[in-house]
Amino acid sequence: MSKIVINGGKRLFGEVKIHGAKNSVLPLLAATVLCRGTSIIHNCPELSDVNASINILRHLGCECTLKNNTITVNSNAIQCSQIPDSLMLKMRSSVIFLGAILGRCGNAVISSPGGCELGPRPIDLHISALMRLGAQVSECHGLIKFNAPQGLHGAQIHLSFASVGATENIILAAATARGVTVIHNAAKEPEICDLAAFLNACGACVYGAGTDTVTIYGADGLKCCTHTVIPDRIAAASYMAAAAITGSEITLKNVAPAHLTAINSVFEEAGCKIKCNGKGLTIKAPQRLSRVSTVRTAIYPGFPTDAGPLVLAMLSKAYGTSVIVENIFENRFRYVDELKRLGAHIKVEGKVAIIEGVSTLSAAPCKCTDLRGGAALVVAALAAEGTTIISDIHHIKRGYESIVSRLSLLGADIKEV
Ligand code: EPZ
């Protein structure tokens, strides 16, 4: 298994291009299941989660090619509606294919997505919403079967929690259902807007994406379209944290500043200067960061849970004590024990992490526990004295396109062995 080796303490400089958003391209690939003809998706990041999604599409009968960050998908010949266990367990977010398969085929079979590194990942909100759209659901031998013999019909759906995945699944299932669906308390993440833009370009009628009430008028079938994925706001936060912890000044290209307001305000409170110019963002960090007042993760437009690990890592070397409260996932702090191996002083009590900044971090072998926790180890290692060896880096490859070469180009002493 390959590892990432980082010799810390180097200042970063120059520019880094932010890749397309993982959490947008996955639902977009699911949406191609609803389309006839060949859809073209640009700015698609080369990630293992994208490869897993391509394997699911091919398993369903689609023709897919990914070349130079552009994916083409022809979904004319779909002849299967089951996502096999192997693919389902490979990527928990495979559940996002459920609504599209159900909308296209009138039935779908998935295995229960099981847990993941962030704690249990229930899909009760997805299931109850699809039942309101007319699906009959049965479970046996770890498989969940959805059937809509008369097709899906519109419904009023109130989400008890503004779940991103459930909102996406409902939009996908309702896009070609008979009648009107209204989602109340919908998630408002930018990735929801990107999905709605793609579907509307294919002939769907999705209104209100980005607000907490989304209305979908079912269309009689969707054509294909060409679309460009929005930038990855969490990848942007990750490279900003790398600059912040090393006292560097770098420029990020191809970002969407409007998606970064909650993130930027934490970095500015920590002492960074941030300048946005069109699709570019320049961050200039102080020699040493200052503590920030309590960071509470929340649904969009609040501070994103996925950026929590990156900000926690950079604050581990700040003046003073900071607090992060994780309000979205039950078990998001598993990576903290690995960070403490690098000398960080962090205390986790339930959903609260108390970070007492230290003046130096010291290299130590450590291992990734999950995607963003792994990226947090990279951020900390960039500022640790000595050579850090990070293992289980397959977690990182799920969500960061060529992170080693991007950081190396910024001046980090980093390699994959
Ligand atoms: C999406 O996950 C993202 N993944 C996550 O990013 C992100 O952290 C999360 O949204 C929150 O923003 C993708 O888009 C592929 P949720 P999702 O449904 O849809 C509970 C990353 O690092 N819940 O909004 O799974 C759930 O347990 C990943 O890129 C239910 O209880 O998130 C969690 O506590 C990590 N029942 C909370 O809601 C359900 O039916 C948030 O889940 C669904 C969710």
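## Salt bridges across the structure

A salt bridge here is a side-chain nitrogen of Lys or Arg within 4 Å of a carboxyl oxygen of Asp or Glu. With that in mind, a search of the whole of this predicted model finds 9 salt bridges. Side chains of opposite charge can pair when their charged atoms come close. A few of these pairs deserve a tour, and we can begin with the one made by Lys-22.

The side chains of Lys-22 and Asp-49 meet at 3.8 Å, N to O, in a salt bridge. This pair links distant parts of the chain, with Lys-22 in helix H1 (residues 22–31) and Asp-49 in helix H2 (residues 48–60), 27 residues apart. Are Lys-22 and Asp-49 buried or exposed? Both Lys-22 and Asp-49 are buried.

Another pair to look at is Arg-406 with Glu-401, a salt bridge whose closest N and O atoms are 3.0 Å apart. Arg-406 counts as buried at 12% relative accessibility, and Glu-401 is buried too, with a relative accessible area of 10%. As for the network, salt bridges that share partners join Lys-22, Asp-49 and Arg-398 into one.

The domain assignment divides the protein into domain 1 (4–19 + 231–416) and domain 2 (22–228). Taken over C-alpha atoms, the centres of domain 1 and domain 2 are separated by 30 Å. The contact draws 27 residues from domain 1 and 21 residues from domain 2.

How much area do domain 1 and domain 2 bury between them? The figure is about 2,000 Å², with 51% of it on carbon and sulfur atoms. On the domain 1 side, Tyr-300, Arg-398 and Glu-401 lose the most area to domain 2, and together they make up 31% of what that side buries. There are also 2 salt bridges between domain 1 and domain 2.

## Helix H5 and its neighbours

Now let us turn to a helix. Helix H5 spans residues 124–132, and its buried residues are Leu-125, His-126, Ile-127, Ala-129 and Leu-130. What do these buried residues pack against? Their partners are helix H4 (98–105), strand E7 (136–140), strand E8 (143–147), strand E9 (156–158) and helix H6 (164–174).

After H5 comes Gly-134, which has a positive phi, near 110°.

## A nonpolar patch on the surface

Our last stop is on the outside of the protein. Val-180, Tyr-207 and Tyr-217 form a nonpolar patch on the surface, and together they have about 300 Å² of accessible area.

Val-180 is placed in strand E10 (residues 180–184). Why is Val-180 called partly exposed? The relative accessible area of Val-180 is 39%, and partly exposed covers values between the buried limit of 20% and the exposed limit of 50%.

How values were computed
Residues numbered from 1 in each chain as written. Predicted model: local features only at pLDDT ≥ 70, side-chain atom pairs only at ≥ 80, totals over all residues. Heavy atoms only, no water. Patch = residues over 30% accessible without salt bridge, like charges linked within 9 Å, V, L, I, M, F, W, Y side chains within 5 Å. Areas by Shrake-Rupley, 256 points an atom, 1.4 Å probe, with all protein chains shown as cover. Helix = DSSP H or I, 4+ residues; strand = E, 2+ residues; numbered from the N terminus. Buried < 20%, exposed > 50% of the residue type's maximum accessible area, 1.4 Å probe, protein only. Domains from an automatic or database assignment. Contact = heavy atoms within 4.5 Å. Buried area = accessible area lost by both parts, 1.4 Å probe.
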